[in-house]
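Thanks for coming. I have one structure to go through today, so please look at the screen.

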Amino acid sequence: MKAFWAFIKKEYYHIIRDPRSLLILIGMPIIQVILFGFAITNEIVDAKISILDKSKDQITQEISNKILSSKYFLLSEYLESAEQIEGSFRKGKIKLALVFEEKFAEKFNRKERPSIQIITDATDPNTAATLTNYINKILLDYQNEISISTIAPKGIEVITRMEYNPQLKGVYLFVPGTIVIILMLISAMMTSISIAREKEKGTMEVLLVSPLKPFMIIAGKVIPYIALSLINALTILLLGVFVFGLPIRGDYFLLLFEITLFIITSLSLGIFISTLVKTQQEALLISLMGLMLPTIILSGFIYPIESMPRILQYISHVIPAKWFLIMIRNIMIKGVEISYILKETLILLGMTLVLMILSIKKFKIRLE
Amino acid sequence: MAKKTNDNKYVVSVKDLTKKFGSFTAVNSISFDVTKGEIFGFLGANGAGKTTAIKMLTGLSKPSSGTAIVAGYDVIKNPEKVKYKIGYMSQKFSLYDDLKVFENIRLYAGIYGIPSKEIKSKINNLIDELGMENMRNKLVGDLPLGWKQKLAFAVAMVHDPPVVFLDEPTSGVDPITRRQFWEMIYKASEKGITVFITTHYLDEAEYCTRASIMVDGVIKALDTPTKLKENLGVKSMQEVFVKLARG
């Protein structure tokens, strides 16, 4: 046991004496959260728009005012003719143009359903779609207001409620996502590199000749990273809660348990990678290409899995981060209990077990 | 010639030791005994089976057949016991560059289960013996190669093992440093530590008490350097080696 302690202490020195890994371990999580939090947000404010009002009546005026008084839009200019629209876009001044048809109010009062044309700059499709949604929402609100005051509307009224995240805040998405990436990075990548380093430098050989059992060697290398991963996960959570106002609605212990489980899954992945490689370079490459990229793209952190081609959806099943992301979002934002995420928990446990067994087998073959 | 392998005076006793990888026989039924305090040279070209043999003796690799008793324990039946009784230094010197000199010693002392109370005096003695007082707090990565090598050797013997295995400990080191290193080996041998050394510098074979020459997995010759040269009627170990290898 004392031998084991001496070994852990050595690992600690490795970490604190290497400025690069220290930067990745401590700086990265904080920088990522801040970046994601402030720079990457789905909400668009102060988008410039132009309005071509061919009718210029009371209703078009009311609608325009309503749109411009929202925080989402700013008026660039009022246009005089349809020909100017193109120019307005070309100059890159506006994101969206609004066209009211002639005799708008007249048609409206005669219930002839006047039309508003929304023209958006779809070079950035996401922005275009979001802005269109905002306008639609404002128009709907306006219609409802008028309808109530005049005549009861016929037909179906749609009531939408954005459950769990009514303000559609981006933090709800990126804080769990950042935790996933950071844990993957530290647990899988850093451990695989640090084990590969021992192989590359020949110290692994000496350790294997020593009375330390192979299991102890691996455990000794991994334990400091478990501690670091936990600290980082907590840092990100705290930043999410106190800086960005993220709720944690579920049980703290459950959350901590699932985080620890995912850390262990990632560590076994890192250990497995280290059994495949001989050098740090290889370990880094495999971790980056084989782990980080699929994790970011296929875990559902950025792109919804439901909208992927069927084949990618199947591939996403083997990505541990996907299951962890489902769990952590459910716990934090929906506040579910363990029974709701039992399947995901078991899948992660299974993955961990398989990876551990594979690593042990690989390790033994190498020793033969 | 026929000696009992369980005889206690032998620190390393090997009989018909064989290692097969599939259909390839890396080490083919080698037998030899090494006595206490001997400097036993293990020579051979790359791929002759030296490393595989050393791996079997140090418990890194399981023999396919045969027996090997190291420091009183069977490497097949009691590999864990053997591990406490041997020291090992690989050709990469195997120290941690980002640990200080005394931290490296402390680490290995800890790994080999030396009691905490003794570790401190152990470190001081070792550093004293090596004449490294002024380098005590230096990172090993900043040391010249020669010092690293000496430290690695001392660290390999931190737990006072009866036998120490050196796997090409002098590769890539200049002749003067090599000379100094051999002085350390002699000192260890005088203290009764058995030194098992592989090398591809054939002039170093002359310094060994006895040398064995491996060719294609078998030991072609095993004797004192003087006898080896006499038997073949040549003047240097280099010639001995060439004759046997072309055999």
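I start with a definition: a residue is buried if 20 or more other C-beta atoms lie within 10 Å of its own, exposed if 12 or fewer, and partly exposed in between, with C-beta atoms placed from the backbone. This is a predicted model, in which local features need pLDDT of at least 70 and side-chain atom pairs count only at pLDDT 80 or more, while totals for chains, interfaces and linings use all residues. Residues are numbered from 1 along each chain as its sequence is written, and chains are lettered from A and ligands numbered from 1 in the order in which they are written.

Take A:I231, which is partly exposed because it has 14 other C-beta atoms within 10 Å. A:I231 sits in helix 9 of chain A; helices (H or I, at least four residues) and strands (E, at least two) are DSSP runs, numbered from the N terminus. From A:I231 to A:I26 the C-alpha to C-alpha distance is 9.3 Å, across 205 residues in sequence.

Now the partner of that helix. The axes of helix 7 and helix 9 (residues 214–242) of chain A come within 10 Å and cross at roughly 165 degrees. Axes here are lines fitted to C-alpha atoms, for helices over the stretch in contact, and angles run from 0 to 180 degrees between N-to-C directions. Helix 7 and helix 9 of chain A are therefore roughly antiparallel; the classes are under 35 degrees for roughly parallel, over 145 for roughly antiparallel, 65 to 115 for roughly perpendicular, and oblique for the rest. The crossing of helix 7 and helix 9 of chain A is right-handed, a term for the near helix being turned clockwise from the far one by less than a right angle, with anticlockwise giving left-handed.

Which residues of helix 7 of chain A meet helix 9 of chain A? Among them are A:V175, A:I182 and A:I186 from helix 7 of chain A, and A:V222, A:Y225 and A:I236 are among those from helix 9 of chain A. Contact means C-beta atoms, placed from the backbone, within 7 Å. By class, this contact between helix 7 and helix 9 of chain A has 13 nonpolar, 7 polar and 1 charged. Nonpolar covers Ala, Val, Leu, Ile, Met, Phe, Trp, Tyr, Cys and Pro; charged covers Asp, Glu, Lys and Arg; the others, Gly among them, are polar.

A second pair is helix 10 (residues 252–276) and helix 11 (residues 280–298) of chain A, whose axes come within 10 Å and cross at roughly 130 degrees. Helix 10 and helix 11 of chain A are therefore oblique to each other. Their contact includes A:L269 and A:I273 of helix 10 of chain A and A:I286 and A:L291 of helix 11 of chain A. The residues of that contact are 6 nonpolar, 2 polar and no charged.

On to the core. A nonpolar core is a set of buried Ala, Val, Leu, Ile, Met, Phe, Trp, Tyr and Cys residues joined through C-beta atoms within 7 Å. The largest has 137 residues, of which B:V164, B:V195 and B:F196 touch the most other members. Helix 7 (residues 171–201) of chain A gives the most to this core, 19 residues.

Last, the two chains. Their contact takes 21 residues from chain A and 22 residues from chain B. Helix 1 of chain A supplies the largest share of the chain A side, 7 residues. That side has 10 nonpolar, 4 polar and 7 charged residues.

Note on methods
Two residues are in contact if their C-beta atoms, placed from the backbone, lie within 7 Å.
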